[in-house]
Amino acid sequence: MYSHKNIGTCSSRVDFDIENGVITQCHFTGGCMGNTQAVERLAVGRKAQDVIRLLRGIQCQNGTSCPDQLAQALEQWEQTYGTQR
């Protein structure tokens with residue numbers, strides 16, 4: 001499981017797993033429970049690249065949001081591990 005420390009959001013962290021470029025698990029720690037659960041459910045089963053395109057740049061406060069932090073985390077994961085794993 002990959003863990004990303006969120007910056008500028010109510011959620012403190014997002015954890016996820018990716019297999020063959022597809023998100024298999026996603027969980028936020030903290031944040032607005034209804035919103036983070038919705039993002040988690042929408043992300044699982046999708047290609048990481050698709051989720052990045054959908055969520056990158058969404059703003060809530062401080063120039064970012066929980067969805068944007070997930071997109072940034074996925075981008076960091078891809079830079080570290082590549083698009084496949």
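In this predicted model, Val14 has Phe28 of strand 3 as its bridge partner. The two strands involved in the pairing, strand 2 (residues 11-19) and strand 3 (residues 22-30), run antiparallel and are joined by 8 bridges. Together, strand 2 and strand 3 form a hairpin in which 2 residues lie between them. In the turn, Asn20 has a positive phi of about 50°.

In soluble globular proteins, nonpolar side chains tend to be buried together. Here the largest nonpolar core comprises 19 residues. Phe16, Ile23, Cys26, Leu70 and Leu74 are the residues with the most contacts inside this core. At least two core residues come from each of strand 2, strand 3, helix 1, helix 2 (48-55) and helix 3. Helix 3 gives the most to the core, supplying 6 residues.

The analysis of open space gave a largest pocket with a volume of about 190 Å³. Its lining consists of Thr9, Cys10, Phe28, Cys32, Asn35, Thr36, Val39, Cys60, Gln61, Ser65, Cys66 and Pro67. Helix 1 (33-43) and helix 3 (66-81) are the elements that give two or more residues to the lining of the largest pocket. Helix 1 gives the most, with 3 residues. By residue class, the lining of this pocket divides into 7 nonpolar and 5 polar residues, with no charged residue.

A further position considered was Ile58, which lies in the loop between helix 2 and helix 3. Ile58 counts as partly exposed because its relative accessibility is 36%, and the range for that class lies between under 20% for buried and over 50% for exposed. Apart from neighbours within four places in sequence, the contacts of Ile58 are Thr64, Ser65, Pro67 and Asp68. The C-alpha atom of Ile58 is separated by 9.5 Å from that of Ala71, a residue 13 residues apart from Ile58 along the chain.

How values were computed: Residues numbered from 1 in each chain as written. Predicted model: local features only at pLDDT ≥ 70, side-chain atom pairs only at ≥ 80, totals over all residues. Heavy atoms only, no water. Pairing = 2+ DSSP bridges. Helix = DSSP H or I, 4+ residues; strand = E, 2+ residues; numbered from the N terminus. 1 Å grid on protein atoms, 1.4 Å probe; cavity = no way out; pocket = protein on both sides within 12 Å on 5 of 7 lines; lining within 4 Å. Points joined across faces, edges and corners; volume = space filled by probe spheres on them. Nonpolar A, V, L, I, M, F, W, Y, C, P; charged D, E, K, R; others polar. Core = buried A, V, L, I, M, F, W, Y, C linked by side-chain atoms within 4.5 Å. Buried < 20%, exposed > 50% of the residue type's maximum accessible area, 1.4 Å probe, protein only. Contact = heavy atoms within 4.5 Å.
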